[in-house]
Amino acid sequence: MSGILRPEGSPSVCCDNQAERPSRESEGFARSLSPQVPGTLGAMERKSSETVAFRKLSVLIPVYNERWTLAEVVRRVLAAPVSLATEVVIVDDGSTDGSYELALRLAEQDSRIKVIRHRTNTGKGAAIRTAISHLSGDVAIIQDADFEYDPQDFQALLEPILKGQADAVFGSRFIGHTRRVHFFWHALVNKFLTLVSNMVNDLTLTDMETGYKAIRTDVLKQLRLTARTFTIEPELTCRLAQWGARIYEVPVSYCGRTYAEGKKIRAWDGVKALGAILYYRFIDRQFTYNEEFAALRSCQRAAAYPRWIVEQARPYLGQRILEAGAGIGNLSRFFLRAERLVLADCNPSYCRMLRYRFEGRENIRVVQADLTKAESYEQWREEKLDTVFCSNVLEHLPNDEDILKRFYQILEEGGHCILIVPGESSLLGQLDRAARHYRRYTAPGLITKMESAGFQVVFARQFSRLGATAWYLTSKILPRRLNSLTMRWFGRITPLIKLLDHLLPWPGRSLIVVGRKPQKQTLRAAA
């Protein structure tokens, strides 16, 4: 029987028959976070704020028939010299040798230990996925229940994450450390699998199959993981690469055990790992349940298309720009030469990515802010903005007319508000619902809203007519989700899309409208 059973009086112990799907509370276009206090963060301030954010380490220990080593491994984990509080999440994967009973006794002796049990043996990957759903720390490290890896290396694994440099750190058995000599064929297969993984994921790892991986849990919990066996290692690597995670490697000590000592991985697991590398990279591309972030990552593949968007707005771009709803910076890169560039988004993860991406540029300020809150705009009055650039954000907000009025208020006289929104209400379909769009716009309707906010509309154009056809097909007739391959091809055919914009008779998928804030003398003359 599936489910979670919590024995009375043992809150740190539960029983689970299968890995749980990660929480979806963090999904979607959440626009309800409080604004960040204004101010430019320097590199040292960023690193300091990252360090303060990490308080607890979760050590995930999948266990299958490890009765004679488990207690010592847990002792070493809890004694490891780390700067964070530690919790241990043990998942017994259907052991038959008394490992589960031993884990229960350990949990009774130390409140930092949680124990979860699979009623049947489902595999290392399934055990790790269950552990992920039960952890409460800020960083997770996977620890096998044997002596092959040494918890004394925890701090080295944590260091790049604590410094704000990495989202994931792999402990490499093949670089710069005293180690026990490996089995030749095991090492050769590991290096071959690492080579293939590097080729398809565009990485330069030396040890993809390492059992020591430290990962920020705010990233880990949003990865879509499905592996049940040892294929969890190539899947984790592929998902982190698809996420765009910053991956570091550090040397770790390694004392590989023999089959007589209990080693469980076999030659067939190497074949399955190779298949998993190709499967997760080319077939099952859904790397996260967060569809908004997946769409943003996909759009990064279509570099030519965002460049075309910015080209159309170029005549109206000033030198002091607010990008409202900057996301992960897909368009921000085209504004880097501005005298002042303020990048605003409500998602703290996106703001963190923006800070890392544009670190060291004195003209850029990243602000976490909620566009639906009036108080968010006060901090921008001092910036003397001559441009508000808002691309594919307005349709996500319920009160778009209020937003336009606030854009008007923070702009300097003569400044421009540039809006890119989905066009044509008739295209509203499944893709819009998946993206949580409140609406699609018509040119007359958006122009009316801009004028009501006080703007003089100086430019309006629908574009991407071929894109409208593709959107209609994938949203209404053959429903599909956006993926990186689709967006990459969309980027490659952007020259064709631009050409057909002058030939096709129907409206475009997107709409750009530019409003100008009149100068006072112009308003007096009009009066």
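**Reading helices, burial and salt bridges**

There are 19 helices and 15 strands in the chain, each a DSSP run numbered from the N terminus (helices H or I, at least four residues; strands E, at least two). This is a predicted model, in which local features need pLDDT of at least 70, side-chain atom pairs count only at pLDDT 80 or more, and totals for chains, interfaces and linings use all residues. Residues are numbered from 1 along each chain as its sequence is written, and side-chain values use heavy atoms, with hydrogens and water left out.

Q: What share of the residues counts as buried?

A: Buried means under 20% relative accessible area, exposed over 50%, and partly exposed in between (1.4 Å probe, protein chains only). Here 55% of the 527 residues are buried.

Q: How many residues of helix 4 are buried?

A: In helix 4 (residues 124–134), ten of the eleven residues are buried; among them are K124, R129 and H134.

Q: How many salt bridges are there?

A: A salt bridge is a side-chain nitrogen of Lys or Arg within 4 Å of a carboxyl oxygen of Asp or Glu. The count comes to 26.

Q: Which residue forms a salt bridge with R320?

A: E383 does, with the closest N and O atoms 3.7 Å apart. R320 lies in strand 9 and E383 in the loop between strand 11 and strand 12, so the pair ties together parts 63 residues apart in sequence. Both R320 and E383 are buried.

Q: Which residues are linked in a network of salt bridges?

A: The network links D167, R216, D218, R246 and R352.
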